[in-house]
Amino acid sequence: LSRDSVTVGQVVEFELTADDVNHGFALYRGDQLVAQTQAMPGFTNRLRVRFDAPGEYRVLCLEYCGVGHHTMRAVINAVAAQ
């Protein structure tokens, strides 16, 4: 599980692709889906997200993609600018 931090108001661009099968990249804040896109072999999707509120954002895979599916997650902490 990786953990990264961003500043509230910051725009982050995710570049998503896959080596094997399709994956559903989803970003949640609490139980609310903030953004989602697909990661597909041979194609790069770009997803730009502005982190408007402080707190913990979870990245999860929305599609069952195989035995490693449960490890495809991360946490992004949005913190107030100082």
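His23 has Ala39 as its bridge partner in strand 4. This is a predicted model, where local features need pLDDT of at least 70, side-chain atom pairs count only at pLDDT 80 or more, and totals for chains, interfaces and linings use all residues. Residues are numbered from 1 along each chain as its sequence is written, and side-chain values use heavy atoms, with hydrogens and water left out. Strands are DSSP runs (E, at least two residues), numbered from the N terminus. Two strands pair if DSSP finds at least two bridges between them.

Strand 3 and strand 4 (residues 32-39) run antiparallel and are joined by seven bridges. Their hairpin has two residues between the strands. Gly30 takes a positive phi there, near 65 degrees. Strand 3 also pairs with strand 6, again in the antiparallel sense, over five bridges. In strand 6, Cys61 stands opposite Phe25.

Strand 3 is mostly covered, with six of its seven residues buried. Buried means under 20% relative accessible area, exposed over 50%, and partly exposed in between (1.4 Å probe, protein chains only).

## Gly24

Gly24 lies in strand 3, which spans residues 23-29. Its relative accessible area is 3%, so Gly24 is buried. Contact means heavy atoms within 4.5 Å. Not counting residues up to four places away in sequence, Gly24 touches Thr37, Gln38, Leu60, Cys61, Leu62 and Glu63. Met40 is 16 residues from Gly24 in sequence, and the C-alpha to C-alpha distance is 8.8 Å.

## The largest pocket

Gly24 also lines the largest pocket. A pocket is an open set of points on a 1 Å grid over the protein atoms alone, where a 1.4 Å probe fits, with protein on both sides within 12 Å along at least five of seven lines. Lining residues have an atom within 4 Å of a point. The largest pocket holds about 200 Å³ of space. That volume is the space filled by probe spheres set on the points, which are joined across faces, edges and corners.

The lining includes Leu16, Thr17, His23, Phe25 and Ala39. Val59, Leu60, Cys61, Met72 and Arg73 are also among the lining residues. By class, the lining has seven nonpolar, three polar and one charged residue. Here Ala, Val, Leu, Ile, Met, Phe, Trp, Tyr, Cys and Pro count as nonpolar, Asp, Glu, Lys and Arg as charged, and the others, Gly among them, as polar.

## Aromatic pairs

Rings of Phe, Tyr and Trp (its six-membered ring) pair if their centres lie within 6.5 Å; planes under 30 degrees apart count as stacked, over 60 as edge-to-face and the rest as tilted. The count comes to two aromatic pairs. The ring centres of Phe14 and Phe25 are 5.1 Å apart and the planes are at 50 degrees, so this pair is tilted. Phe14 lies in strand 2 (residues 11-16) and Phe25 in strand 3, so the pair ties together parts eleven residues apart in sequence. Phe14 and Phe25 are both buried.

The rings of Phe51 and Tyr57 have centres 4.8 Å apart and planes at 80 degrees, so that pair is edge-to-face. Phe51 counts as buried at 1% relative accessibility. Tyr57 is buried, with a relative accessible area of 3%.

## Val79

Val79 is found in strand 7 (residues 73-79). At 40% relative accessibility, Val79 counts as partly exposed. Leaving aside neighbours within four places in sequence, Val79 is in contact with Val6, Thr7 and Val8. Asp20 is 59 residues from Val79 along the chain, and their C-alpha atoms are separated by 34 Å.

Notes
Helices (H or I, at least four residues) and strands (E, at least two) are DSSP runs, numbered from the N terminus.
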